[in-house]
Amino acid sequence: MRMRNIIVLGEVIMLLVVSIYLSALYLPHYINQLPDFYKMSTKDFHTHTQHKLSMRTDSIEVERHRQSFTVQEERNYLANFSSLDSCFVSSNAIYGAAGKSPCYDSKSFIESVSSGGRIGVDAPYHCQGCALWWHSTEDICTILSRYEHILFVGDESIENVFGGLLSLLREDLMYGSLMPWAFINDWQANECTCDKAFSSSACPVTRPTSVRQILDHNSNMIKCRGAPIANVEIIRLPSLDLNANEESIREVQTRLVRLIARDSNPVAFIYSHGFDLEIATTWLAHARDALVPCIPRAVTLHEIFLTPGASGPQVSNSKLATHGLQATQRFENGMRERARTVGFDVLGTWNATVQTRFLDDGLHNGVAVNLLKAMMVVNWLELVEQ
Ligand SMILES: *[C@@H]1O[C@H](CO)[C@@H](O)[C@H](O)[C@H]1NC(C)=O
Ligand SMILES: *[C@@H]1O[C@H](CO)[C@@H](O)[C@H](O)[C@H]1NC(C)=O
């Protein structure tokens with residue numbers, strides 16, 4: 001008799017434990033979804049829900065590697081990109097995951113990716129801790145589509161990262177960062193290819209400032225099948241004196257205020273500026289003062305500062321003090337140190353760019369390094385908005 005009571009009691013406890021476990025598993029998900037439904041007008045409800053549902057299936061796809069602790073396969077993820085045989089780039093040569101498991105949160109990602117190294121010039125870059133994930137174009141599209149707006153803000157160093165992202169989205173290594181339809185002659189078309197697209201002084205006028213500009217020319221050029229891609233754009237704010245850029249700032253402010261509603265998806269600002277610690281921190285404060293108030297409080301805003309990275313031996317003697325290898329490293333360490341004290345995210349690219357080949361003035365890298373920097377930004381965008 002007593003034995004049977006104990007068995008029944010045991011069964012009850014087990015049932016209780018299982019149901020607590022199950023509700024702990026599903027309840028947070030359920031509760032997380034609730035606010036969205038309350039924020040929406042009925043008009044938006046249907047499209048929004050559809051969109052959310054399809055995004056959720058995609059996100060599961062993207063995050064599968066995390067849940068299963070999968071290590072990324074070693075293969076060339078650029079194998080289907082166009083101009084592969086003219087520009088000779090392979091994701092394996094850019095970056096090595098070497099059996100490491102992927103990063104699970106943005107803090108450890110930033111730490112790991114900022115502190116890696118290469119074994120030899122142009123050898124693949126290895127993060128120090130958890131691994132950067134080389135996303136397929138489809139994954140990149142899904143990650144970007146979680147955002148309402150992604151804004152790259154900075155001097156010319158941010159332009160190259162933006163160009164890297166465009167090259168990934170277009171799967172085009174030769175002209176991916178440019179608008180070849182805007183070339184004025186054959187000479188420019190021959191000059192502005194692959195690496196040189198990122199550095200040649202012949203090319204700047206053909207650099208797009210938004211993904212929209214490319215979609216408007218030919219929507220098939222962005223290889224996002226179906227995913228409604230976020231507004232991704234860049235503004236050049238090279239100068240500390242923001243009054244000098246008043247017009248472009250006003251334009252961006254107006255656009256942000258018009259586009260971002262209280263119930264919008266998250267927004268991301270990616271800043272970059274070299275190489276003077278005082279100038280860059282003041283610049284960052286001014287840029288944030290101008291842009292952050294345009295985003296309603298209710299909308300999630302993610303921000304990061306990307307350092308421009310190392311410089312090459314081509315840097316002229318007169319610039320060594322400010323742009324030399326040691327100056328750029330001091331700048332990076334200084335930015336990371338200051339950011340740590342105020343809790344602002346700074347992703348360092350010095351270690352990822354030192355020991356790479358530089359072009360022209362020693363301050364620009366070619367397509368391979370800029371694809372890597374762009375992929376770092378994509379990883380960060382994924383991790384801060386899981
Ligand atoms: C390239 O395309 C082929 C055929 O569509 C596909 O099987 C393969 O997975 C693609 N490779 C990459 C790296 O995306
Ligand atoms: C960058 O790499 C060097 C070795 O070249 C290493 O000593 C240093 O710790 C790395 N930097 C950071 C920020 O971890």
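Tutor: Among contacts between residues at least 6 apart in sequence, 74% join residues at least 24 apart; a contact means C-beta atoms, placed from the backbone, within 7 Å. This is a predicted model: local features need pLDDT of at least 70, side-chain atom pairs need 80 or more, and totals for chains, interfaces and linings use all residues. Residues are numbered from 1 along each chain as its sequence is written, while chains are lettered from A and ligands numbered from 1 in the order written.

Student: How many helices and strands in the chain?
Tutor: It has 15 helices and seven strands. These are DSSP runs numbered from the N terminus: H or I of at least four residues, or E of at least two.

Student: Is strand β3 mostly covered or exposed?
Tutor: Covered. Six of the six residues in β3 (267-272) are buried, with 20 or more other C-beta atoms within 10 Å of their own, C-beta atoms being placed from the backbone. Val267, Phe269 and Tyr271 lie on one side, Ala268, Ile270 and Ser272 on the other.

Student: Why two sides?
Tutor: Because side chains in a regular strand alternate between the two faces of the sheet.

Student: Which strand does β3 join through six bridges?
Tutor: β1 (residues 149-154), running parallel. Ile150 has Ala268 as its bridge partner.

Student: And β4?
Tutor: Five bridges join β4 (residues 301-306) to β3, also parallel. Val267 partners Leu301 there.

Student: Switching topic, what surrounds ligand 1?
Tutor: Tyr77, Ala79, Asn80 and Ser136, each with a backbone-placed C-beta within 6 Å of the ligand.

Note on methods
Contact = placed C-beta atoms within 7 Å. Buried ≥ 20, exposed ≤ 12 C-beta atoms within 10 Å, placed from the backbone. Pairing = 2+ DSSP bridges.
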